[in-house]
Amino acid sequence: MLLHIARPAIAVAETDDPVIEAMVNLMPDYSAGGRLHDLYVNKLRSALPGNYSQLIGSGPSFRSIFFPDWQPDPLLSLVGNTGLDDGWWSGFSVAVLCQAIAEMGSRIRGQMLTDKINADVSSFNGTLRARSSRVYAQVLATTYAPLVSLLQQVNRDTARQQFRESLLSNVLNRQLWYQAGMWTSPDWEMFNQYAKYIALGASDAEVDTLIGELQAAGLPVPSQVNQEGWRSYAEELRNKPNVDVNDIRGETAGPIGRTTYLPNFGGGMPASLPNGNCYEFTASSQPGTSYRGSPSGCCFTGNTRVLGQDGTPVPLWQVKPGDKVLTRDGTATVAFVARPLRAGRRLYRFAGEGPVFTETHPFLNAAPPDPAVSVPMLLALDPRRLAWDVPTLGENGIGTLEAGSLLWTRAAGADRLPVPAAAGRIEEVEDAGDEGLFDLNLATDSGARQEFWAGDGDTFYLVSPEFPVIEEAGAAAITMVAIMEGLSAAAGWTRPDGRRASST
């Protein structure tokens, strides 16, 4: 419908063409702005980059996973008139999808960098609004029926000049409206005059020239739509000024919440991964990686030692897939070695000895059962963050690791028995000299557990890996590398022996 403007129509001077007169007097509503918003959302969906990782070749595209019903908008090519390239649109699409993941990903939510995501989405929208004028003019000319009808009746090259002359010839009318208080929407009207001028074929430079001529003739052009302001006016988008999570919530809720399954090539049931699509999309080297923090930071320095299958201490930086290590229940094979960067995380140890670990690394609680209270299975310096980052580790409780906490300990050697011992004073390590950290994931026999022994010197502590227990992980660990953050993030740092770290 047309907006109601309480004023007489202009009898256009210098022409007796009723079509030009009708075009000058046409005042669009905001429907074309709504259509422009929908066009931007369609472009955003189309621009989602990347593919699922898999063992051979490329997996399905993320667009087909998160936007499975996407079809190109018939007007999609018009978006190119913003001057924003495909890389910009891909970045915008990633930010908005990560906004949806941060809102709806129940397991991964605590790892998403929400403030950064929201700031980037806001910045992208600001850029888009500042470049929407020409696209709006073309959407208006294509979808707003009253203007479409008028444009079909004119030769645009001839009509463009007539349209310009009519605006210049009727400056006096608008001056009178302005003085009488009848020019109630001068910025919106003038912006739409420019849009109609563009629809007739005018360039941005021609619009600037027209504005200068109107001002020289005495027209009080509002500052929002003067030569400096009209390109970024964006009032046409006032009903839906932003493209954000609200535009994709419904269609992405299912893919975001979906549990995926890791293939087990050694037989048995595959391991489940809640929010699996989200973990893959935000994994290292995948599009959303910059919007997700380290999954938990559950790691040790490379010189921390673990007990090999014969009880011999081995530095973590020397451990490789296929090695066997001692666990609480016997031995297990190393499925893979996580090697994330430290990235500024703080490191700690027990009173000058023992392993050097991050604040979320889980230790096994050796406190005896208590019928009066629930005894947590795990302890960490920051149990709340660990529970957020790796929810499955919290299923049996996570308590606070502090001086005096009972931990399972043992000495090196094949036949040493584990004993509970009180933790010593915990101190921060000021300079560990390590930018790369390490953690293990073990392929165990069915029913066995993944906990392993980590320490330094004479005392080794029973610790849990960052990941939930995955029975018979086997070759599925290869797929986990592509899914979990940090497994291939070690590029750029070297091992203590000077060799470049592998992303295996």
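Analyst: N275 is buried, at a relative accessible area of 1%, where buried means under 20% relative accessible area, exposed over 50% and partly exposed in between, with a 1.4 Å probe and protein chains only. The model is predicted: local features need pLDDT of at least 70, side-chain atom pairs count only at pLDDT 80 or more, and totals for chains, interfaces and linings use all residues. Residues are numbered from 1 along each chain as its sequence is written, and side-chain values use heavy atoms, with hydrogens and water left out.

The phi of N275 is near 60 degrees, which is a positive value in a residue other than glycine. N275 sits in the loop between β4 (271–273) and α13. Helices (H or I, at least four residues) and strands (E, at least two) are DSSP runs, numbered from the N terminus. A positive phi near 60 degrees also occurs at A234, again a residue other than glycine. A234 belongs to the loop between α11 (204–216) and α12 (249–257), and with 10% relative accessibility A234 counts as buried.

G288 is buried, with a relative accessible area of 0%. Between G288 and C278 there are 10 residues in sequence and 8.7 Å in space, C-alpha to C-alpha. With neighbours within four places in sequence left aside, G288 is in contact (heavy atoms within 4.5 Å) with V94, C98, F281 and T282.

The structure holds 0 disulfides, a disulfide being a pair of cysteine sulfur atoms within 2.5 Å. The cysteine sulfur closest to that of C98 is in C278, and at 8.7 Å it is too far for a bond. Seen from C278, the nearest cysteine sulfur is that of C98, 8.7 Å away, and C278 is in no disulfide. C98 counts as buried at 0% relative accessibility, and C278 is buried with a relative accessible area of 0%.

α12 comes next. Its buried residues are T252, P255 and I256. They lie on the same side of α12 because they cover an arc of only 100 degrees around the axis, the arc being that of the directions from the helix axis to the C-beta atoms. The buried residues of α12 pack against α3 (62–66), α4 (86–104) and α13.

Now the rings. Rings of Phe, Tyr and Trp (its six-membered ring) pair if their centres lie within 6.5 Å; planes under 30 degrees apart count as stacked, over 60 as edge-to-face and the rest as tilted. The count by this rule is 22 aromatic pairs. One of them is W88 with W89, edge-to-face at 5.1 Å centre to centre and 85 degrees between the planes. W88 is buried at 17% relative accessibility, and W89 is buried with a relative accessible area of 1%. F350 and F363 have ring centres 5.7 Å apart and planes at 75 degrees, so this pair is edge-to-face. The pair links distant parts of the chain, F350 in strand β10 (residues 347–350) and F363 in strand β12 (residues 363–364), 13 residues apart.

One aromatic cluster is formed by Y30, Y136, W188, F191 and Y233. The charged end of R238 sits over the ring of Y30, 3.9 Å from its centre; the criterion is NZ of Lys or CZ of Arg within 6 Å of the ring centre and within 35 degrees of the ring normal.
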